Amino acid sequence: MLKTPSGGARPGTAAADSRLMSIGTVLNGLREEFPDITISKIRFLESEGLVEPQRTPSGYRKFSAQDVERLGHVLRMQRDHYLPLKVIREHLDAMERGEAAPLPTLCRQRDGETVLEPVEGPTVARVGRAELLVAAGIGEQELEEWESYGLIAPLPGGAYDAEAVTVVSLVAELGRFGIEPRHLRVMKAAADREAGLVDQVVAPLRRHRNPQTRAHAEARAKELAGLTVKLHAALVQTALGVRLP
């Protein structure tokens, strides 16, 4: 069973209650597989009915192992299949009811209309424009605006890399707090500078004739990217005087 009822106390022993987790604990547990997960994202998924943690009398969220499992399912289907939340929710609810639940469908554009096609096998690390719009829950005009600010750009041929789904989802989520795409240009500029710094370090290795050395360059680039992201996050937290769980 993937989801448990919400609201009020649940039956069980004190030992069972002690196994319930705070939202911070859930966040830390999910970060290993989903480094970009945030408390705001978990709260957003709750508001969309994807997970229903119970509440303490003081109003704090308490998550069960089943809640965390369900969150993992949601995040994987977003990441791997670019599915809209409504489709994910219906799929998980069908699983909970014990119904046959085939792999959900992928949204594609056909003859000017958005249709659903069965997912056959693993998805590639690219996504079409229509799929990106559905994944972000935005319209064509909004995407064009985000592209004009350099927040996202298509690959040659018009497709987008899989990371674009993460970018548009985060831009949309920040918009809920009144942060507009034009405000994010400074973040894009900082990211470009950080990427340039990493590229300076690994560029000599990438140009090497030895294939093993070139492969080492890619591994080094990933390692440096991870370190720069962590440093950036730490600097932002220090500047704001906050500490994330």
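Modeller: Let's start with handedness: a crossing is right-handed if the near helix is turned clockwise from the far one by less than a right angle, and left-handed if anticlockwise. The crossing of H4 and H5 is right-handed. Keep in mind that this is a predicted model.

Biologist: What makes H4 oblique to H5?

Modeller: H4 and H5 (residues 85-96) pack at about 140°, with their axes 10 Å apart. Roughly antiparallel needs an angle over 145 degrees and roughly perpendicular needs 65 to 115, so H4 counts as oblique to H5.

Biologist: Which residues of H4 and H5 meet?

Modeller: From H4 there are Arg70, His73, Val74, Met77 and Gln78, and they meet Leu85, Ile88, Arg89, His91, Leu92, Asp93 and Glu96 of H5. Sorted by class, that contact has five nonpolar, three polar and four charged residues.

Biologist: Why are H9 and H10 called roughly antiparallel?

Modeller: H9 (residues 185-206) and H10 (residues 211-240) pack at an angle of about 160°, and their axes are 9 Å apart. The cut-off for roughly antiparallel is over 145 degrees, so H9 and H10 get that label. Their crossing is right-handed. Among the residues making the contact are Val198, Val201 and Leu205 of H9, and Ala217, Ala221 and Leu224 of H10. The classes in this contact of H9 with H10 come to eight nonpolar, four polar and five charged.

Biologist: And what makes H6 and H7 roughly perpendicular?

Modeller: The axes of H6 and H7 cross at roughly 100° and come within 10 Å. Angles from 65 to 115 degrees count as roughly perpendicular, so H6 and H7 qualify. Here Arg129, Leu132 and Leu133 in H6 meet Glu140, Leu143, Glu144 and Glu147 in H7. By class, the contact of H6 with H7 has three nonpolar, no polar and four charged residues.

Biologist: How do you know that the length of H8 agrees with what its residues should span?

Modeller: H8 (residues 163-175) has 13 residues, which at 1.5 Å a residue should span 18 Å; the end C-alpha atoms are 19 Å apart, so the two agree.

Biologist: Which residues of H8 are called buried, and what do they pack against?

Modeller: Ala164, Val165, Val168, Val171 and Glu173 are the buried ones in H8; the label needs under 20% relative accessible area. The buried residues of H8 pack against several elements, including H3, H4, H6 and H7. Over the protein chain of 245 residues, 31% count as buried.

Methods. Residues are numbered from 1 along each chain as its sequence is written. This is a predicted model: local features need pLDDT of at least 70, side-chain atom pairs count only at pLDDT 80 or more; totals for chains, interfaces and linings use all residues. Side-chain values use heavy atoms; hydrogens and water are left out. Axes are lines fitted to C-alpha atoms, for helices over the stretch in contact, and angles run from 0 to 180 degrees between N-to-C directions. Helices (H or I, at least four residues) and strands (E, at least two) are DSSP runs, numbered from the N terminus. Angles under 35 degrees count as roughly parallel, over 145 as roughly antiparallel, 65 to 115 as roughly perpendicular and the rest as oblique. Contact means heavy atoms within 4.5 Å. Ala, Val, Leu, Ile, Met, Phe, Trp, Tyr, Cys and Pro count as nonpolar, Asp, Glu, Lys and Arg as charged, and the others, Gly among them, as polar. The expected span of a helix is 1.5 Å times one less than its number of residues. Buried means under 20% relative accessible area, exposed over 50%, partly exposed in between (1.4 Å probe, protein chains only).
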